[in-house]
Amino acid sequence: MKYLMRWLRDYLTNAFLYYIEKRMFCSSIDNYINLKLKKIFMFLMDEKEIRQLIINLVRNGLEAMTSGKFLTISTYIDNDEVVLTVQDRGNGIPAEILDKIGTPFFTTKDNGTGLGLATCYSIANRHNASIKIDTGTEGTTFHVRFRKVV
Ligand SMILES: Nc1ncnc2c1ncn2[C@@H]1O[C@H](COP(=O)(O)OP(=O)(O)O)[C@@H](O)[C@H]1O
Ligand SMILES: [Mg+2]
């Protein structure tokens, strides 16, 4: 695996633009993406993998929401660790499926592959990151926390 030194902040902006470009070809989605990027420090990451992780989480968030809602991507530092969050305003993840998501091929969607989150978990693992989910009737937030490498 090739690791690159990058600012996640710069990178996210690129991923965001890339996603916007893709959305122009997919007019069925009419939600909005909000970026709240606080300055974070550099850390080792695989550019392609982190892009895939962000796209998978953003896609799930957009798919969970009805039109006219905002999805928020944020970065910040907490306790000397870089945190990336993707927050949607969907209906939340039902408690009975919460421990099944991330299992390869588990999907509740007619055209789902059930591979999005499984991929996110393995990418997070390779980056020594943890994924925490906050979910409720107001929506869902995925927190990806990049643990300190000592
Ligand atoms: N942001 C979210 N809001 C609600 N449910 C979600 C969200 N993200 C994931 N899920 C649930 O987890 C399942 C698995 O997601 P994923 O692995 O990305 O596969 P897929 O999107 O192809 O179904 C989804 O089918 C959905 O039920
Ligand atoms: Mg998905």
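Trainee: Where in the chain is N79 placed?
Mentor: This is a predicted model, in which local features need pLDDT of at least 70 and side-chain atom pairs count only at pLDDT 80 or more, while totals for chains, interfaces and linings use all residues. Residues are numbered from 1 along each chain as its sequence is written, whereas chains are lettered from A and ligands numbered from 1 in the order in which they are written. Helices (H or I, at least four residues) and strands (E, at least two) are DSSP runs numbered from the N terminus. On that basis, the place of N79 is in the loop between β4 and β5.

Trainee: What phi does N79 take, although it is not a glycine?
Mentor: N79 belongs to the hairpin of β4 and β5, which has two residues between the strands. Despite not being a glycine, N79 has a positive phi, of about 55 degrees.

Trainee: Is D80 buried or exposed?
Mentor: D80 is also placed in the loop between β4 and β5, and, although not a glycine, D80 has a positive phi of about 65 degrees. A residue is buried if 20 or more other C-beta atoms, placed from the backbone, lie within 10 Å of its own, exposed if 12 or fewer, and partly exposed in between. N79 has 7 other C-beta atoms within 10 Å and is therefore exposed. D80 has 8 within 10 Å, so D80 is likewise exposed.

Trainee: Over how many bridges do β4 and β5 pair?
Mentor: Two strands pair if DSSP finds at least two bridges between them. As one example from this pairing, T72 has Q87 in β5 as its bridge partner. Strand β4 (residues 70-78) and strand β5 (residues 81-87) pair in the antiparallel sense, and the number of bridges is seven.

Trainee: Which residue in β7 is the bridge partner of T85?
Mentor: β5 and strand β7 (residues 139-146) run antiparallel and are joined by six bridges. V83 stands opposite R145 in β7, and for T85 the bridge partner in β7 is H143.

Trainee: Which are the edge strands of the open sheet?
Mentor: Five strands form this open sheet, in the order β2-β4-β5-β7-β6 and with mixed pairing. An edge strand here is one that pairs on one side only, and the two are β2 (32-37) and β6 (129-136).

Trainee: At what angle do α2 and α4 pack?
Mentor: Axes are lines fitted to C-alpha atoms, for helices over the stretch in contact, and angles run from 0 to 180 degrees between N-to-C directions. The contact joins residues of α2, including E49, L53 and N60, to residues of α4, including G116, C120 and R126; two residues are in contact if their C-beta atoms, placed from the backbone, lie within 7 Å. α2 passes α4 in a left-handed crossing, that is, with the near helix turned anticlockwise from the far one by less than a right angle (right-handed if clockwise). The axes are 9 Å apart, and the angle between them is about 145 degrees.

Trainee: Which element gives the largest share of the shell around ligand 1?
Mentor: A residue is near a molecule if its C-beta atom, placed from the backbone, lies within 6 Å of it, and 20 residues surround ligand 1, the closest being N60, A64, T107, G112 and G116. The elements that give two or more residues to this shell are α2 (47-64) and α4 (116-126). By class, the shell has seven nonpolar, eleven polar and two charged residues, where Ala, Val, Leu, Ile, Met, Phe, Trp, Tyr, Cys and Pro count as nonpolar, Asp, Glu, Lys and Arg as charged, and the others, Gly among them, as polar. The largest share, four residues, comes from α2.

Trainee: Why does L98 count as exposed?
Mentor: L98 lies in helix α3 (residues 95-98), and its C-alpha atom is separated by 9.0 Å from that of I133, 35 residues away along the chain. L98 counts as exposed because its C-beta neighbours inside 10 Å number 12.

Trainee: What percentage of the residues in the chain is buried?
Mentor: The chain comes to four helices and seven strands, following the pattern β-α-β-β-α-β-β-α-α-β-β along the sequence. Of the 150 residues in the chain, the buried share is 23%.
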